[in-house]
Amino acid sequence: MGLALYNTATQQKEQFKPLNDKHVRMYVCGPTVYDYAHIGNARTFVVFDLLNRVLRHEFTRVTCVRNITDVEDKIITAADETGETIDQVTERTGRAFHEDMEALGLLPPDVEPRATDHIPEMIEIIKLLIDKGHAYEADGHVLFSVASDQNYGSLSRRNRSDMITGARVEVAPYKKDPCDFVLWKPSTAGQPGWGSPWSRGRPGWHIECSAMSEKYLDIPFDIHGGGLDLAFPHHENELAQSTCAHDGAEFVKTWIHSGFVTVDGEKMSKSLGNFVTIRQALTDSPGEAIRLFMLGSVSYTHLTLPTKA
């Protein structure tokens, strides 16, 4: 019967056949290491750990890449709030993440690239996008021109109005179009930064995963995974910049997204304050029980938090 997977790009379940019968290649978006992960974050990693194990049972060779985002504005904010250096924040929270994943019984990824080790690869993709007319420089920023990609929105099935009002879409005066997204941004003296043709700066979040997935898996690769909240804008933007940088070449065969942990009908998130960290959960239950709980629902895991006294 084989393995069937729901492909977000086609919105249907498909029989999975790898691009190379002897080697399955999968990329899973990893954590941004600025704070302890909560169980909503963990559910994504548990779901893809299960898929990783199934693939290893069914196929001769599997390469699973799960990145670490260690340059991002949330990390800068966390360092400012705690008085630590950025390296101290990412080392402490990165170590905690690995300890939590081990407690939940996850296999380590075959490759775990850190964004800060791949700045040159990001710059090269940005250069390609500018040369091909898909990106432009403005006030030390480089932005992807959404209007240049006729297929933009195909993954998440969003129309233009949805894109402008969608989560994490920043409206800024230096953009030609409100939907355009940042590939590179300038850094102040106190912020982490690298030299580039445009400014001393740092990469946008989306370009990081395009660079790291291409380096370790080549393109196209078989599976790109992450939480459902990443379908837009993160994965939509990855798809756009990677295909446009390579003249429309296929980027990913199958896009897979795991459902949320919800609390009283709302997605668990730090912004809503309705979260339980993995560390907190492990004080009450063994990792095996938490893992089983997260896998107990096909798409969503529902939770009701106790009322505080």
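Student: What does L183 touch, and what makes a pair of residues a contact?

Tutor: Contact means heavy atoms within 4.5 Å. Leaving out residues up to four places away in sequence, L183 touches I126, L129, A135, V142, L143, F144, P203, G204, I207 and Q241. The model is predicted, so local features need pLDDT of at least 70 and side-chain atom pairs count only at pLDDT 80 or more, whereas totals for chains, interfaces and linings use all residues. Residues are numbered from 1 along each chain as its sequence is written, and side-chain values use heavy atoms, with hydrogens and water left out.

Student: What makes a set of residues a nonpolar core, and which residues have the most contacts inside the largest one?

Tutor: The term covers buried Ala, Val, Leu, Ile, Met, Phe, Trp, Tyr and Cys residues joined through side-chain atoms within 4.5 Å. Buried means under 20% relative accessible area, exposed over 50%, and partly exposed in between, with a 1.4 Å probe and protein chains only. The largest such core has 39 residues, and Y27, L129, F144 and L183 have the most contacts inside it. At least two of its residues come from each of α4 (119-131), β6 (141-144), β7 (181-186), α6 (205-217), α7 (231-245) and β10 (252-258). Helices (H or I, at least four residues) and strands (E, at least two) are DSSP runs numbered from the N terminus. A second, separate core of 31 residues includes C64, I256, V263 and I290.

Student: How do you know that the span of α4 is close to the expected one?

Tutor: The expected span is 1.5 Å times one less than the number of residues. For the 13 residues of α4 that gives 18 Å, and the helix reaches 18 Å from its first C-alpha to its last.

Student: Why are the buried residues of α4 said to lie on the same side?

Tutor: The buried residues are I119, M122, I123, I125, I126 and L129. They cover an arc of only 160° around the axis, and therefore lie on the same side of α4; the arc is that of the directions from the helix axis to the C-beta atoms. On the other side, P120 and D131 are exposed. The buried residues pack against β5 (135-138), β6, β7, β8 (201-203), α6 and α7.

Student: Why is D229 called partly exposed?

Tutor: Its relative accessibility is 27%, so D229 counts as partly exposed. D229 lies in the loop between β9 (221-227) and α7.
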